[in-house]
Amino acid sequence: GYDIEVVKAIFKGSKKYDLTFKTIPFSSILTGLDAGRYQMAANDFNYNEERAEKYLFSNPISKSNYAIAAKDGKNFDSLNAVSGKSV
């Protein structure tokens, strides 16, 4: 994905670092960093103070926009409005 292409571009031509990419479940990424299995992680991580105490974040490389798409004529203006619907 996009994150991988950014990391490749950053390290392109580096003789100091050898990159190996692994696809793992999202829930295992930070625990893998904590255990020393990985040296870095690239994903659409949300920044928060608790994580910032433990991990070094780059500057944002993208902006996520969350949306709900529906058929014409439907009006969902909140998550509560989709409660009980098949999504």
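Which residue follows H2, and is its phi positive or negative? Hold that thought for a moment. One caution to start: this is a predicted model.

Now the answer. Gly36 comes after H2, and its phi is positive, near 85°.

Let's go to H1 itself. Which of its residues are buried? They are Asp3, Val6 and Val7. Look down the helix axis. These buried residues fall within an arc of 95°, so they line one face of H1. Here is the general rule behind that. An α-helix has 3.6 residues a turn, so residues three or four places apart point the same way. Now turn to the other side of H1. There, Tyr2 and Ala9 are exposed.

Stay with Asp3, in helix H1, which runs over residues 2–11. Asp3 is buried, yet it has no salt bridge. Where is the nearest side chain of opposite charge? It belongs to Arg51, and it is 12 Å away. The cut-off for a salt bridge is 4 Å. So what does Asp3 touch, leaving aside its neighbours within four places in sequence? Its contacts are Ala42, Asn43, Asp44 and Ile61.

On to helix H2, residues 26–34. Its buried residues are Ile29, Leu30 and Gly32. They cover an arc of only 155° around the axis, which puts them on the same side of H2. What covers them? Helix H3, residues 49–54, is part of that cover.

Phe26 is also in H2. Is Phe26 buried or partly exposed? Its relative accessibility is 45%, so Phe26 counts as partly exposed. Setting aside neighbours within four places in sequence, Phe26 is in contact with Asn43 and Phe45. Take the pair Phe26 and Asn43. They are 17 residues apart along the chain, and their C-alpha atoms are separated by 8.5 Å. Asn43 is also one of the contacts of Asp3.

Last topic: the largest pocket. Its volume is about 810 Å³. The lining has 27 residues, and the closest to the centre are Ala41, Asn43, Phe45, Phe57 and Ser58. Which helix gives the most to the lining? That is H1, with five residues. H1 and H2 each supply at least two.

Methods: Residues numbered from 1 in each chain as written. Predicted model: local features only at pLDDT ≥ 70, side-chain atom pairs only at ≥ 80, totals over all residues. Heavy atoms only, no water. Helix = DSSP H or I, 4+ residues; strand = E, 2+ residues; numbered from the N terminus. Buried < 20%, exposed > 50% of the residue type's maximum accessible area, 1.4 Å probe, protein only. Lys, Arg positive; Asp, Glu negative; His and termini not counted. Contact = heavy atoms within 4.5 Å. Arc of directions from axis to C-beta. 1 Å grid on protein atoms, 1.4 Å probe; cavity = no way out; pocket = protein on both sides within 12 Å on 5 of 7 lines; lining within 4 Å. Points joined across faces, edges and corners; volume = space filled by probe spheres on them.
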